[in-house]
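Subject: Structure for you to look at

Hi,

Here is the structure I promised to pass on. Have a look at it first, and my notes follow below.

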Amino acid sequence: MTDKPAIGWVGTGVMGVSMCGHVLDAGYPVTVTTRTKARAANLIARGATWAATPAEVAAASDMSFAIVGFPEDVRQVFLGPDGLLEGASAGDVLVDMTTSEPALAIEIAATCAERGVEAIDAPVSGGDIGARNGTLSIMIGGDPDPVEQVRPVFETMGKTIIRQGGPGAGQHTKAVNQILIATGMIGLSEALLYGQQAGLDLDTVMGSVSGGAAGSWSLSNYGPRMLGGDFEPGFFVDHFVKDMGIALREAASMKLPAPGLALAHELYVSLQAQGLGRKGTQSLILALARLAGVEWDPSETET
C-alpha cells in the first residue's frame, strides 16, 4: 500500500515511456493505456496496470497525464467519448504534456471545470535524452493550487518546472521554445555542412566550438548524432512540423512576422516530402545537403 496518489498515463512514445517509467520508479501506482498494448509492455512488467481506454485510466486515478501526438489526439484523449474527462471525478487533475494548441488547452480547462475537474497544460522540452534522464523542462499553464498538487509528480520527470500562468500559458511558452530551436537547427546544420565541405575534422571542430559562444543544447546533443549518421528520433520531424505550424498560426494571429520560423518550417516540410517525417529533427542536415547538391558524409573529413 502507498499513500501516494494514483497516477494515470496515456501515451508511451519516444518520450512518454521514459516519463511514465520515472513515475513508477518513484513508487506511484500507475494505470496506463496506449494505442498498442505492446508499447506499454515494459511498464506493465514493472508494475503498471493496463486499462483499455483513457476513461478507464482516469476512473482508476487521482491525476492523469497524457503525452500524445497531435491536437486532434489531445482532443480525443481528453474530451472524447472514452476520454479522460469521461472517467474523471470531481477533484481529479488532468495534465496534458503534449505540445498542442493554446486555445485547446483553454477549452479543455473550461470543460473540465464544469465537472469540478482541474486541467493543466504542461508541455516539455528535452527530447528523448531529457525524458530518459528525468531532466526535462516542464512549462506549465493552469491554476496555482492544482499545479502545486501535481508538482511532486513533475519532479520525477523534470528539473526545470515553472508555472507560466493560467490555462494555455504552458503551450505558449513551448511555442517560444520551438521558435528558438527551429532557427538554431538551421545554423547547426549549415555549420556542419560548411565544415565538411572545407575538409575539416568535424570531431575536433565540435571540440573547439561547443564550449564557446556557439555552444547550445542542440549542438551538444544532436551534433554527435549527425556526425555519426544517426537520424533516429529523439523527437520526430512530423511532430516538430506540427509544433512549428502551431507557432506560425499563433504568431499570425498576433500579426507578428516570424521569417526564421517560416524558413525552418519549409525546410522540415521538405524532409516530410522526402519520406523522413518519422526520423529525428537532426535530419534537417539532409535537407540542406540536398539543397546544396552534396552528400552528408562526415566520415570523409576524418583524419
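Helices and strands here are DSSP runs numbered from the N terminus, a helix having at least four residues and a strand at least two. Please keep in mind that this is a predicted model.

With that numbering, let me start at the second largest pocket, where α9 gives the most to the lining, with 12 residues. The lining has 33 residues altogether, and Ser 216, Trp 217, Ser 218, Leu 219 and Tyr 222 lie nearest the centre of this pocket. Two or more lining residues come from each of β7 (124-125), β8 (136-141), α9, α10 (202-209) and α11 (217-227). By class, the lining divides into 19 nonpolar, 13 polar and 1 charged. The space in the second largest pocket is about 650 Å³.

The largest pocket holds about 790 Å³ of space. Its lining is made up of 34 residues, with Gly 11, Gly 13, Ile 67, Val 68 and Gly 69 lying nearest the centre. Here the elements that give two or more residues are α4 (71-79) and α12. The largest share comes from α4, with 3 residues. As for the classes, 14 lining residues of the largest pocket are nonpolar, 14 are polar and 6 are charged.

Back to α9, which also packs against another helix. Which residues of α9 meet α13? They are Ile 179, Ala 182, Thr 183, Met 185 and Ile 186, and on the α13 side their partners are Gly 260, Leu 261, Leu 263, Ala 264, Leu 267 and Tyr 268. The axes of α9 (residues 169-197) and α13 (residues 259-273) come within 9 Å and cross at roughly 65°. The crossing of these two helices is left-handed.

One more spot to look at is Lys 255, in the loop between α12 (237-253) and α13. The phi of Lys 255 is near 55°, a positive value in a residue other than glycine. Is Lys 255 buried or exposed? Lys 255 has a relative accessible area of 76%, and exposed means over 50%, so this lysine counts as exposed.

Best wishes

Methods:
Residues numbered from 1 in each chain as written. Predicted model: local features only at pLDDT ≥ 70, side-chain atom pairs only at ≥ 80, totals over all residues. Heavy atoms only, no water. Axes fitted to C-alpha atoms, helices over the stretch in contact; angles between N-to-C directions. Left-handed = near helix turned anticlockwise from the far one by under 90°. Contact = heavy atoms within 4.5 Å. Buried < 20%, exposed > 50% of the residue type's maximum accessible area, 1.4 Å probe, protein only. 1 Å grid on protein atoms, 1.4 Å probe; cavity = no way out; pocket = protein on both sides within 12 Å on 5 of 7 lines; lining within 4 Å. Points joined across faces, edges and corners; volume = space filled by probe spheres on them. Nonpolar A, V, L, I, M, F, W, Y, C, P; charged D, E, K, R; others polar.
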